[in-house]
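Student: I have a structure open on my screen and would like to learn how to read it. Could you walk me through some of the features, one at a time?

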Amino acid sequence: MTNQSIDKATQEILEKFKDSSSKTAWDRADLQKPHCSFGQQGTCCRVCTMGPCRIMTKKNVSTLGVCGVGADTIAARNLVRMIAAGTAAHSDHARDVALTLHLAAKSEEGDYKVKDPIKLRKIAHIYGIETKDKNNQELALALAERALSNFGQQTGELDMTQRAPKKRRELWRTLGILPRGIDREVVEVMHRTTMGVDTDFRNIIKQGLRCSLADGWGGSMIATELQDILFGTPTPLRSKVNLGVLDQDKVNIVVHGHDPALSEMVVAASHDPELQKLMEQKGAQGINLAGICCTANEILMRQGVPVAGNFLQQELAVMTGVVDLMMVDVQCIMSSLPDLTKHFHTKVVTTSPKAKIPGAEHVEFSEEHAFKTAKEIVRMGIENFSHRHGNPFVPNESMDLLAGFSSESVFNFLGGTYRSTYRPLNDAVIDGRLRGAAGIVGCNNPKITHDWAHVEMAKELIKNDVLVVVTGCSGIADAKAGLLRPEIAYKMAGEGLQEICEAVGIPPVLHLGSCVDNSRILMTLTNIVHEGGLGEDISDLPVAGAAPEWMSEKAVAIGFYFVASGVFTVLGNPFPVLGSPSLTKHLTEELEDTVGGKFAFESDPIKAAHLMIDHIEKKREALKLKEVMYT
Ligand code: BF8
């Protein structure tokens, strides 16, 4: 089992069910082998029905598709369509958040309220909204309308891009990749990549970069900031992670997906006196909420709700036999869940009209009746408590963690409670106590030992005095491995990083939230540039990024907006482009000359960490910084 996961809880459940008829993603992944090499290399084209066309190379001569396109075009088209899909996912989520803010602004009596009025004013200012003489409701309405207009905007520049360093924004403008409107960039990718349009692979990638920026500095940033306004900006808090947070004696409700709008209400509904009474009548000792994937990250960061697991643990949560209800919203939800519940008592409840799953119960969520829907779902979970059967098995594995960092809180923290400044962080990098910083983000993928690449990479980086920030399933992986505890710095961090962690009481690995919260990393990098002393652009900074176990189209969009923002980014498994050596070279070499960032593909997390460290050193040298103090 150890080659499937490094996580003990995961290993125990997989071992227990290895000969049973309950199948998981790992079993299905085995059945998919060998993978289609054309798909893997990116050289299969299905954009019209003259094919499907595959590009084959014999004695250095490649075939062409029926319309005449070769491997370069096909692989580039396939890749940027992944960017468009990822951007669409993050941004459609953001649209729903903006609509929720609009609703909160319109009806003061509704379930949603502005929780962070300071951020409301700050973001309204970015949108050029006059804040003087406006109350919160008026401001929220104006902001929601302006944010919504960014989706359908046809010309101009996305408002949030103004937050990027000046030099970066000018570069985007010069290169013609400053995003105009969020939906427009997604549509243009789809247009350009349809049969017989753009066949210049560099030009296709250029639009891919523009589309990805519409995600990072558009959709994802809108989602993060408006969620903070509605649900509160996270501040550091303690919680627990892994399947051991499920409690046999309590009603266990697991929320899974990405959109916090309903799960925030479920948190409130779980305290409802009427439902508490029903829970007691059913003989349970409490209502225990836990999360999976990014919905988990959202309510962990703001409410401290424990996390049951990351992407590859969603089926395992059901297999414990103690999850009375799993409520899902959108994204990263395995279609296998309802089928799995044939062997277990868990009710799987879909809630979004955009994401129904055959075999699941559907309770439609609408922002107008959010609390009522949340209560109904919690009630279903409580009612299902008495239907448990068989021998439940909850691995005795849970880990403490410190989360809730944001671009506002984390480095203010580094500046001390009363000093709101990035100065101490910049100074630590300048004087060589810190080598630099790295972001590790993204998914799990059954092709890679679960959690292994995330955890090994993080350990290697902190050992070398690189402060690590994490989001998404990467954050959950590191949390399970204990890396989000301040005390781990003494055991695993280099001396310089240890000093900093000790002085401010932070862990060497900082959890910044869900995948849309990668926009917090963009803002953190921007704040470091603005603080001064480390160059004028993100591409000058001694930083790097990685997605060592990525699998989702959303990760492709994220990788691209980091590279387009000037960040060297290492992927654990390559993009499906290796069938085009020219495109591969463009992504891993040439892009650096234009946008200042590029990709590398490296499956060994230690080697990948050293690619990042080498890049950080290269940037330190260019900035003429002192040598790192402790080597
Ligand atoms: O958006 S890291 S598996 S849960 S895609 Fe999905 Fe990947 Fe997890 Fe969050 Ni992000």
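This is a predicted model: local features need pLDDT of at least 70, side-chain atom pairs count only at pLDDT 80 or more; totals for chains, interfaces and linings use all residues.

Student: Where does Aspartate 465 lie, and what is its phi?

Tutor: Aspartate 465 lies in the loop between α18 (452-463) and β14. Its phi is positive, about 60°, although Aspartate 465 is not a glycine.

Student: And Aspartate 133: is that one buried or exposed?

Tutor: Aspartate 133 has a relative accessible area of 77%, so it is exposed. Aspartate 133 also has a positive phi, near 65°, in a residue other than glycine. You will find Aspartate 133 in the loop between α5 (117-126) and α6.

Student: Is Glutamine 153 buried or exposed, and why?

Tutor: Glutamine 153 is buried, because its relative accessible area is 16% and the cut-off for buried is under 20%. Glutamine 153 sits in the loop between α6 (136-152) and α7 (166-175). The side chain of Glutamine 153 comes to 3.3 Å from the backbone oxygen of Glutamate 157.

Student: What about Proline 486: buried or exposed?

Tutor: Proline 486 has 16% relative accessibility, so it counts as buried. Proline 486 is in the loop between α19 (472-480) and α20 (488-492).

Student: How far apart are Leucine 587 and Glutamate 280?

Tutor: Leucine 587 and Glutamate 280 are 307 residues apart in sequence and 58 Å apart in space, C-alpha to C-alpha. Leucine 587 lies in helix α24 (residues 581-595), and it is buried because its relative accessible area is 0%.

Student: Next, peptide bonds. Which ones are cis?

Tutor: Look at omega. The bond from Lysine 33 to Proline 34 is cis, with omega near -5°, and Proline 34 is in the loop between α2 and α3. The bond from Glycine 51 to Proline 52 is cis too, with omega near 5°. Proline 52 is in the loop between β1 (44-45) and β2 (53-54).

Student: How do I read the empty space inside a model?

Tutor: Rolling a probe the size of a water molecule over the atoms shows where empty space is left. In this structure the count comes to four cavities of 30 Å³ or more. The largest cavity holds about 320 Å³ of space. It is lined by 31 residues, and those nearest its centre are Ala438, Gly439, Ile521, Leu525 and Val543.

Student: Which element gives the most to that lining, and how do the residues of the largest cavity divide by class?

Tutor: β16 gives the most to the lining of the largest cavity, with five residues. By class, that lining has 24 nonpolar, seven polar and no charged residues.

Student: How many residues line the second largest cavity?

Tutor: The second largest cavity has a volume of about 120 Å³. It is lined by 16 residues, and those closest to its centre are Cys332, Gly442, Cys443, Cys515 and Lys554. Among the elements, α23 gives the most to this lining, with three residues. The lining residues divide into eleven nonpolar, four polar and one charged.

Student: And the largest pocket, what is its volume?

Tutor: The largest pocket has a volume of about 590 Å³. Of its 20 lining residues, His35, Gln40, Asn445, Lys447 and Asn573 are the closest to the centre. The largest share of that lining, four residues, comes from α3. By class, the pocket lining has ten nonpolar, eight polar and two charged residues.

Student: Last, the metal. Which residue is the only protein donor of the nickel atom of the ligand?

Tutor: For background, ideal angles are 109.5 degrees for four tetrahedral donors. Here the only protein donor of the nickel atom of the ligand is Cys515, through SG at 2.3 Å. The four donor atoms around that nickel atom subtend angles of 91 to 165°, which makes the arrangement irregular. Cysteine 515 lies in the loop between β15 (509-511) and α22 (518-531).

Methods. Residues are numbered from 1 along each chain as its sequence is written. Side-chain values use heavy atoms; hydrogens and water are left out. Donors are N, O and S atoms within 2.8 Å of the metal (3.2 Å for Na, K and Ca); water is not among the atoms, so sites may look incomplete. Four donors count as tetrahedral if all angles lie between 85 and 135 degrees; four count as square planar and six as octahedral if opposite donors are over 155 degrees apart and all others between 65 and 115; anything else is irregular. Helices (H or I, at least four residues) and strands (E, at least two) are DSSP runs, numbered from the N terminus. On a 1 Å grid over the protein atoms alone, a cavity is a set of points where a 1.4 Å probe fits but cannot get out, and a pocket is an open set with protein on both sides within 12 Å along at least five of seven lines; lining residues have an atom within 4 Å of a point. Grid points are joined across faces, edges and corners, and a volume is the space filled by probe spheres set on the points. Ala, Val, Leu, Ile, Met, Phe, Trp, Tyr, Cys and Pro count as nonpolar, Asp, Glu, Lys and Arg as charged, and the others, Gly among them, as polar. Buried means under 20% relative accessible area, exposed over 50%, partly exposed in between (1.4 Å probe, protein chains only). A polar contact is a pair of N or O atoms within 3.5 Å; within protein, one must be able to donate a hydrogen and the other to accept it, and residues adjacent in sequence count only if both atoms are side-chain atoms.
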